[in-house]
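This briefing is meant for a reader who is meeting this structure for the first time. Please keep the sequence and the model in view while reading the notes below, which are grouped by topic.

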Amino acid sequence: MRRDVAAAEAAAEQYRMINNLRRNSDRSGTVNEQQLSEINSRLVIARADLAQKQARLDQVRALVRQRGTVDTSLDVLQSQLIQRLREQEVTLLREMSDGAKTFGERHPRLIALRADLNELRAKIALEVEKVGASVANEVEVASAGARTLERELASLRRTNDSAGEAEIRLRELERDAETSRELYQSFLARFKRDAEQDRIQRANARILSPAEIPTAPSSPRSTLIVMAVLLLGFGAGVVLVFLLDHLDNAVRSTHEAEDITGLPVFASVPVARRRGGTAESQVLKRPRSGLADSFRTLRTALTLSGAPEDKVIMVTSSVPEEGKSFVALSLARQFKRTDGRVLLIDGDLHRPRLHKAVNVDATRGFLQLLNGTGTLEELIVRDAVGEIDFLPAGRLGGEKRKADEPVLDLTSEALERVMEMLRARYDRIILDTPPVLAVADTRMLAGVADRVLYLVRWNSTPREAVRTGVRLLRDARAKLAGIVLSRVDTRRHARYGYSDYTQYYGRYGGYYQE
């Protein structure tokens, strides 16, 4: 059967090659059909071209019969040479018209121009005749080409008719080959199937029930596991939050400060920008910033909550590095804008710092005024920037403080004497003091102050330190006025979500010009 299929296909292929016939799967026709189609297309184009050229020739002949000028023909008008000659003719006519007006009809120049014009017109007539002859020649050539294509087309049609008889025989041979191929493939498929079945071993089993395709895993139960993990994670998160809140012992909001101390919060002082100079200079250079506005808020709160006779305001805190000196200096400069004479006293006799911010000498000052070794006129210095009077802390041991230097014991009599003298000369006195938990002098100084401002550094000072410091001042019968949150990071405070007015420094920053 394989040999019969090969012989039948070879006979069909050989017959196709001898008679130059196409395959059934070949979409393109035979060579004769392709040539017939191509010549037919060329004949259509040649006939169209012949018709166009014949129309041009008929137009030229009609113009000649009607005794018209051939110059109006399209071929003549499109001739570049004739157009140039026409331009020269127009030029000569213009020159002749000008010469006739100037020289007269019989002037040699005018006679020469007429001769040139006649010669030019003879050339134009010759070119026109050439154009007419060219059109006639083109018609003859196109007609000859069309006749040639018609003869070739007739010959190919006769050849194509004879090829049709050969295709009938080719289709018969192809059908025989296709029948032999199908019979061979059928027997070949049955042979392979029988051979495979002989090699297959039948299993000693039978199907009791068909298996169902599962739509979800049977184990593990992912939904229960995810729910359990979410609950455990939520519980662990809540425990961690409460643990961190319990371990975090810093004051972060005005509500916490008021709950711990029982005192109102007068203001929240934002932390100064890292760029832009010192914090004291930023308050002066940017009077409309949030930092400067916090001191105006503090000044307003002290003015509205106190009595007119409360002149001495003391600034203190629980531990060092909470911004007491900065708050005292800025507050004194703010009071200078509304009150008359303002005095700033550096009451930190152990670690004085205000003289560095004011940029003055701190060798003599408050200590000398207390022990009577100096007068107020000698010890007072002028703050050139804030226009306030400043009384430095002073030193007992000269220019540099020594470890074995004696310390002045503050007495209530000396403090009362000095403060009475200062009250008589100044409208407002700001007293900067050391931390309550570090030095015992603060409680003595609190006894002569009319009001005490207690500073709490935001997110830094421990709550127990604040409670202890406030309790010590209350035991010393200090007149506690309120709390000031210092060095507040407004952006972080706003993210914490505390519902106090400090968050609006960060939220409504457009009201301040930084």
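Arg457 has Ser486 as its bridge partner in strand 8, and this contact belongs to a pairing in which strand 7 (residues 451-457) and strand 8 run parallel, joined over six bridges. The model shown here is a predicted one.

**Strand 8 and its neighbours**

- Between strand 7 and strand 8 the chain passes through helix 16 (residues 463-475), and the β-α-β crossover made in this way is right-handed.
- Strand 8 is also joined to strand 1 (residues 265-270), with which it runs parallel, and four bridges hold this pairing.
- Within that pairing, Pro270 has Val488 of strand 8 as its bridge partner.
- Strand 8 itself, which spans residues 480-488, is mostly covered, since eight of its nine residues are buried.

**The aromatic pair**

- Phe295 lies in helix 9 (residues 290-305) and Phe326 in helix 10 (residues 324-338), so that the pair links distant parts of the chain, 31 residues apart.
- Phe295 and Phe326 are both buried.

**Charges over rings**

- The charged end of Arg341 is placed over the ring of Tyr426, at 4.8 Å from its centre.
- Arg190 lies over the face of Phe187, and here the distance from the ring centre is 6.0 Å.

Terms used: Residues are numbered from 1 along each chain as its sequence is written. This is a predicted model: local features need pLDDT of at least 70, side-chain atom pairs count only at pLDDT 80 or more; totals for chains, interfaces and linings use all residues. Side-chain values use heavy atoms; hydrogens and water are left out. Helices (H or I, at least four residues) and strands (E, at least two) are DSSP runs, numbered from the N terminus. Buried means under 20% relative accessible area, exposed over 50%, partly exposed in between (1.4 Å probe, protein chains only). A charge sits over a ring if NZ of Lys or CZ of Arg is within 6 Å of the ring centre and within 35 degrees of the ring normal. Two strands pair if DSSP finds at least two bridges between them. A crossover is right-handed if, with the strands pointing away from the viewer, the path from the first strand over the helix to the second runs clockwise.
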